[in-house]
Amino acid sequence: MAGFVPPGTTLLGNEATSESAKKINEVHKKVDYLNLPCPIPYEELHREALMSLKPEYFEGMRFDFTKGLNQKFSLSHSVMMGPMEIPSQSSEAIKIPTAHYEFGANFIDQKTMLIGRVLTDGRVNARVKCDLTDDLALKANAQLTNEPHMSHVMLNFDYKGKDYRSQLQLGNGALFGASYIQSVTPHMSLGAEVFWAGQHRKSGVGYAGRYETDKMVAAGQVASTGLMALSYVQKVSEKVSLATDFMYNYLSKDVTASVGYDYALRQARLRGKIDSNGCTSAFLEERLNMGLNFVLSAELDHKKKDYKFGFGLTVG
């Protein structure tokens with residue numbers, strides 16, 4: 001009787017052993033470090049958090065109309081009416097009414113993107129993106145104004161490797177910069193940057209890290225200029241995401257933290273946040289019809305007694 005084993009005991013034991021072996025194999029599964037994914041650009045480390053916490057808030061009324069002339073070329077018209085803040089020694093914001101019209105032209109194909117904007121206040125904005133090769137891209141941003149020393153031009157050369165990205169920046173005012181980011185595991189990437197602003201005789205170096213899975217994204221960045229930035233985004237479901245960020249300058253001791261949400265519905269997208277200064281904001285985009293979107297924006301800052309509300313329509 002001592003050696004009697006009840007029927008089925010051996011089968012159950014084999015199943016348990018098999019499951020344990022599978023778990024052990026998953027834990028000790030070797031990572032192929034020669035086939036790591038390519039990371040996102042260094043400048044987009046906090047991309048998901050910025051999209052959720054910092055949409056394009058505005059105040060007043062905005063109307064945007066885009067008309068496509070063919071598959072590659074389109075024209076845009078924008079009208080903006082709302083107050084503009086002016087510097088003041090008072091804690092309360094001082095605003096004056098303004099209105100602007102903006103005309104734009106866009107050319108987009110598989111390898112080239114050209115975007116130009118002209119405003120009634122004299123500003124001219126231009127953006128260029130051109131894929132020189134499959135791995136090398138040129139990006140250019142320029143803004144020309146009639147105000148002295150306010151115009152600027154920036155050129156970026158982006159190189160995309162198999163598991164890394166690098167970027168070289170050149171700008172007016174003797175601005176030079178370079179960044180590099182490398183995937184070290186299937187989910188983690190580490191990077192560094194360096195820059196030199198010759199006009200202001202300032203230089204700096206920064207380090208960053210990013211960890212992402214299917215459910216979350218965490219990123220951190222620190223620089224010798226005193227800036228430390230942390231962000232975290234948790235994907236609750238296919239429609240809902242929660243985000244938070246933390247900004248700290250260890251030279252000026254300024255600190256700001258915020259927490260927000262991003263709710264994507266079938267016909268609308270709602271984003272909102274509240275920060276450590278007590279400022280609450282919300283941004284709603286709703287698709288009324290094909291090619292017609294309605295936008296609502298609101299920011300409430302009770303501490304500064306600054307309240308901003310905006311609504312707009314986007315056609316095309």
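Predicted model: local features only at pLDDT ≥ 70, side-chain atom pairs only at ≥ 80, totals over all residues.

Q: Is T213 buried, partly exposed or exposed?

A: Buried means under 20% relative accessible area and exposed means over 50%, with partly exposed in between; T213 counts as partly exposed because its relative accessibility is 30%.

Q: How far apart are T213 and L53, in sequence and in space?

A: T213 and L53 are separated by 160 residues in sequence, and their C-alpha atoms lie 20 Å apart in space.

Q: In what sense do β7 and β8 pair, and over how many bridges?

A: Strand β7 (residues 152–160) pairs with strand β8 (residues 164–171) in the antiparallel sense over seven bridges, with N156 standing opposite Q169 in β8, and a hairpin of three residues joins β7 to β8.

Q: Which residue of β9 stands opposite Q167, and what joins β8 to β9?

A: Strand β9 (residues 175–183) pairs with β8 in the antiparallel sense over eight bridges, and Q167 stands opposite S179 in β9. The two strands form a hairpin with three residues between them, and G173 in that turn has a positive phi of about 80 degrees.

Q: Is E102 buried or exposed, and which residues does E102 touch?

A: In a regular strand the side chains alternate between the two faces of the sheet. E102 lies in strand β3 (residues 94–108) and counts as buried because its relative accessible area is 15%, under the 20% cut-off. Leaving aside residues up to four places away in sequence, E102 touches S76, H77, S78, M80, R117, V118 and L119.

Terms used. Residues numbered from 1 in each chain as written. Heavy atoms only, no water. Buried < 20%, exposed > 50% of the residue type's maximum accessible area, 1.4 Å probe, protein only. Pairing = 2+ DSSP bridges. Helix = DSSP H or I, 4+ residues; strand = E, 2+ residues; numbered from the N terminus. Contact = heavy atoms within 4.5 Å.
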